[in-house]
Amino acid sequence: MVKSTEDLWGKFHGPNIGYVEEQYDLYLVDPEAVDPSLKTLFDEHGAPTWLSPVTGETEGAAPAATSIQDVQKLSSALKYVEAIRRFAHTKADVYPVGSIEGEAKSLEPSHYGLTEADLKNIPANWLVANVPAGLNNGLDIVNHLKELYTGKISFEYDYVSNDEERNWLQEQIESGNYKFNFSADKKKGLLDRLAQVEGFEAFLQKTFVGQKRFSIEGLEVMVPMLDKIVEQSAEESIENVMMGMAHRGRLSVLTHVLEKPFDKVFSEFNYGSGKEILPSESSREISYGWTGDVKYHFGAVNNVTTESGKTTKVTLAHNPSHLEVANPVVEGFTRAAQDDRSTGGHSKQDVSKGVCVVVHGDAAFIGEGVVAETINLGGIEAYHTGGTLHIIANNLLGYTTTGREGRSTRYTSDLAKGYDIPVVHVNADDPIACLDAVKLAFEYRQKFNKDFLIDLVGYRRYGHNEMDEPRATQPLLYKEIDEHPTITKVYAENLQKENIIAEDDLSKMLKNVEDKLQAIYDSMEEVDLEVSTVDMPAELEESLDQFETAVPLEELKKINEDMLKRPEKFAGFKRLDRVFKKRATLFEDGQTADWGTGEALAFASILKDGTPIRLTGQDSERGTFAHRHMVLHDVNSGEKYCILHGLEDTNASFDIHNSALSEVGVLGFEYGYSVQAPETLVFWEAQFGDFANTAQVMFDQFLSSSRAKWGEKSNMVLLLPHGYEGQGPEHSSARLERFLQMSAENNWIVANVTSSAQLFHLLRRQAALKNTDLARPLVLMTPKSSLLRNERVASEMQEFAEGKFQTLKDQPNLKVSKKNAKRLVIGSGKVMIDLEEAIINSEESFGWLRALRVEQLYPFPTEELAKELKALPNLEEIVWLQEEPQNMGPWTFVADYLRELLQDGQTLRYVGRPKRSAPSVGDPNVHKLYQNNIISEAIKPL
């Protein structure tokens with residue numbers, strides 16, 4: 001580049017030098033004030049060499065006549081070259097059928113005020129730094145670059161902000177180093193692989209007529225592309241390839257890339273009335289959940305060995321029909337595979353332990369917000385996975401919606417540009433170009449540990465599914481598709497021209513595939529279909545009361561001392577001294593542990609037991625309500641210190657991070673982490689409980705049902721601040737009713753505890769469930785400002801050293817003879833603290849009242865409550881008390897349980913807010929009035 005710059009400025013002499021100097025001085029003051037062509041020249045080449053303090057002279061070979069017009073021609077040529085790099089993708093041949101609508105950037109020389117003769121007069125090395133052999137002038141360079149950038153593969157990377165990355169990409173593209181050098185045998189093998197995919201899809205179409213399968217046809221090359229990623233990963237000794245994709249092409253990926261047995265797939269097609277076909281005995285060992293799912297939602301795990309003998313573990317995540325929602329889950333898988341959690345402090349990440357691959361739909365990539373949420377996590381320390389390889393399975397259509405109707409951008413991939421992600425568009429009918437794109441993507445990921453996107457442009461041979469008729473809504477596109485040959489025919493013709501295959505080789509390959517699949521199908525046993533009900537596994541019915549969660553006082557005292565340690569010369573925030581001074585006196589007589597202290601003791605004791613912990617949320621380091629202060633900041637240096645990193649003799653990591661302002665993306669990530677790292681206790685904390693609404697699909701499709709559908713276990717904990725404090729509709733309810741509505745088959749635990757000791761035992765019990773068949777998520781309603789430092793939530797230290805979690809708890813400070821009790825008030829959470837305070841502050845006598853707190857709403861403590869009721873011989877009524885509206889909260893869930901427990905002569909009554917459309921009122925005074933009325937109604941004498 002230096003030599004070409006010197007040659008350039010050496011072309012000026014006499015008056016031209018003076019003119020250029022004048023213009024350069026003006027450029028230094030205001031770059032926009034000079035002619036655009038000269039601005040480009042100065043931008044590209046800097047100051048004229050005779051102005052440089054290094055050279056300080058005007059020597060050089062200069063022709064006798066150089067004009068301002070020559071300068072403008074040169075600068076225009078430089079602009080032209082750069083325009084090819086930036087905009088040639090708009091002219092690229094990347095569409096097997098159809099095209100993209102919209103005006104393409106002009107790449108004709110006349111658009112830049114140039115002729116071919118002008119370009120021929122410019123030496124090649126004036127336009128590019130490293131001139132390929134055989135290129136002598138500007139016209140040669142332009143034609144060469146057009147060939148590179150407008151073929152079956154095209155590139156977008158000029159927006160990448162890092163100079164090193166951008167220059168590396170340009171060098172790879174223009175040198176051709178990113179390309180594979182396939183032998184004739186490799187090319188023939190690639191054709192055979194494509195024939196396997198095409199033949200499999202054709203066999204399904206013929207054998208299971210009219211059955212949905214969301215075929216890959218039109219994007220068959222995606223299978224060898226994924227093959228190549230697996231192969232490259234194995235060669236780089238990457239232990240895990242974590243893949244996510246929606247249903248398009250999933251069956252082909254499962255069978256060909258993850259080697260799911262064909263007979264297992266065939267058995268999942270319900271092909272005939274009253275009959276089913278059984279796979280081989282070995283294939284029957286592959287099991288999912290007890291309720292199951294449709295065949296194109298299932299995932300798989302398999303150790304894949306490459307031709308060179310290298311092995312890597314490939315995981316394809318289960319995915320519901322909610323398209324892109326598996327993206328953050330797979331990222332969580334990947335991070336969990338990369339983290340070493342075996343020592344104290346933060347976990348140690350090694351991005352070479354796993355690579356994440358996500359296959360997107362073209363309409364969904366830009367349409368679904370979870371895509372942007374997940375991509376945004378990629379550069380954040382807590383969620384970074386060393387770069388994700390994205391492939392858009394672009395069939396130019398979202399169901400019946402065209403790109404013009406589904407996005408505001410030219411390409412479906414344009415979202416990636418905002419995140420500095422390089423994009424390659426590639427024609428799915430050119431398998432060599434597609435594999436070259438994979439090579440470039442993989443090497444970029446390995447070098448820079450950043451995301452890369454391949455826009456694989458193809459089509460779909462049939463409709464949205466095989467029962468859909470696309471010609472009613474896309475007649476012109478499908479007329480073109482109907483007349484378009486398959487990729488095997490297109491590629492086979494190219495190989496015939498290269499004399500690599502004979503004319504009938506492809507037909508032989510396809511016949512071999514059909515014969516193989518037919519033989520597998522014919523060997524399967526056909527039996528009468530027996531339909532029976534499905535029940536959850538018996539182990540999920542076991543009691544959770546078996547786990548001992550108490551910790552001796554001496555151990556707790558040592559843990560507390562460790563948490564009070566600070567690095568040398570650490571200058572903490574003075575206003576926090578009071579918090580930690582109180583914890584320093586925790587084991588003195590009369591002291592109690594508030595919620596934050598109980599939580600910290602739970603975390604620390606779990607770590608000491610050897611269980612790693614990961615906790616993320618929008619403000620989790622401090623806690624939304626300033627109760628946690630798990631991470632302290634040095635007021636002088638700003639350095640962070642986590643109080644749990646001072647624990648001695650700990651062989652488990654503790655990770656705590658403030659998250660991006662995201663719910664569905666972050667929750668999905670943490671869910672994936674918990675599945676991949678079942679020995680770890682993973683927490684996700686909402687800033688306010690109702691913020692979890694944004695992540696509803698994660699609760700519906702993954703946490704509540706993944707085990708029943710797919711056999712996928714998670715033991716993660718959700719911390720959802722909940723409770724009515726007069727802060728309005730969006731800061732009151734965590735929508736407890738929605739979690740209870742989804743509660744069935746012991747799929748999770750829903751709790752709303754009212755003391756720090758109860759929290760301690762509950763979390764320790766949850767940690768004890770790890771890696772067992774009893775594992776399941778915990779949905780925990782947590783307190784907010786009014787309770788976190790309330791003395792009625794604080795517990796004496798002896799409560800941590802004795803007992804275990806109580807699903808049903810006596811109401812404190814209410815002494816009553818069970819024989820005299822006529823009313824039993826039952827409730828859960830904060831409202832029972834309010835009830836306690838009202839009774840204490842009342843002058844009434846409550847000898848007729850009994851009250852119980854339901855600390856675990858699901859599984860509902862039916863047996864424990866039945867025992868309590870038997871001890872109340874004169875009970876007349878049961879009152880369910882709640883602060884949520886009647887159509888919300890636990891009432892509609894618990895009412896059936898309570899009715900079944902009623903004895904003759906007893907009644908059941910609801911006390912709480914009336915039915916509402918919003919969770920609460922917005923006026924704090926009105927809120928207080930309602931709250932007082934509810935409590936008063938619950939304890940009003942009979």
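Helices (H or I, at least four residues) and strands (E, at least two) are DSSP runs, numbered from the N terminus. On that basis the secondary structure of this chain comes to 34 helices and 30 strands. The model is predicted: local features need pLDDT of at least 70, side-chain atom pairs count only at pLDDT 80 or more, and totals for chains, interfaces and linings use all residues. Residues are numbered from 1 along each chain as its sequence is written, and side-chain values use heavy atoms, with hydrogens and water left out.

**Whole chain**

- The C-alpha trace spans about 115 × 80 × 50 Å along its principal axes.
- Of the 942 residues in the chain, 56% are buried, where buried means under 20% relative accessible area, exposed over 50% and partly exposed in between (1.4 Å probe, protein chains only).
- The accessible surface comes to about 38900 Å², and carbon and sulfur atoms account for 47% of that surface; these areas come from the Shrake-Rupley method with a 1.4 Å probe, and for residues only the protein chains shown count as cover.
- Contact means heavy atoms within 4.5 Å; among contacts between residues at least 6 apart in sequence, 81% join residues at least 24 apart.
- There are 99 positive and 143 negative side chains, and the centres of the two sets lie 4 Å apart.
- In that count Lys and Arg are positive and Asp and Glu negative, while His and the chain ends are not counted; the place of a charge is taken as NZ of Lys, CZ of Arg, CG of Asp or CD of Glu.

- Strand E23 covers residues 778–782, and five of the five are buried, so the strand is largely enclosed by the rest of the structure.
- Leu-778, Leu-780 and Thr-782 point one way from E23, Val-779 and Met-781 point the other way, and all are buried.
- Two strands pair if DSSP finds at least two bridges between them; strand E21 (residues 717–721) pairs with E23 in the parallel sense over five bridges.
- In E21, Val-717 stands opposite Leu-778 of E23.
- Strand E22 (residues 749–751) also runs parallel to E23, joined to it by three bridges, and Val-750 stands opposite Val-779 in E23.
- From E22 the chain crosses through helix H28 (residues 756–768) to E23, a β-α-β crossover that is right-handed; this term applies if, with the strands pointing away from the viewer, the path from the first strand over the helix to the second runs clockwise.

- Strand E9 (residues 388–394) is mostly covered, with seven of its seven residues buried.
- On one side of E9 lie Thr-388, His-390, Ile-392 and Asn-394, and on the other Leu-389, Ile-391 and Ala-393; both faces are covered.
- Six bridges in the parallel sense pair E9 with strand E8 (residues 354–361), where His-360 stands opposite Ile-392 in E9.
- Strand E13 (residues 452–457) runs parallel to E9 as well, and six bridges join the two; Leu-389 stands opposite Phe-452 in E13.

**Backbone details in loops**

- Asn-449 is found in the loop between helix H17 (431–448) and E13, and its phi is near 55°, a positive value in a residue other than glycine.
- At 25% relative accessibility, Asn-449 counts as partly exposed.
- Arg-735 also has a positive phi, near 60°, in a residue other than glycine; Arg-735 is in the loop between E21 and helix H27 (736–741).
- Arg-735 counts as buried, at 14% relative accessibility.
- Tyr-858 and Pro-859 are joined by a cis peptide bond with omega about -10°, and Pro-859 is placed in the loop between strand E28 (856–858) and helix H32 (862–870).

- Lys-574 lies in the loop between helix H21 (553–563) and helix H22 (577–584) and counts as exposed at 66% relative accessibility.
- Asp-227 is in helix H9 (residues 222–235) and counts as partly exposed at 22% relative accessibility.
- Not counting residues up to four places away in sequence, Asp-227 touches Arg-193, His-256 and Val-257.
- Asp-227 and His-45 are 182 residues apart along the chain, and their C-alpha atoms are separated by 44 Å.
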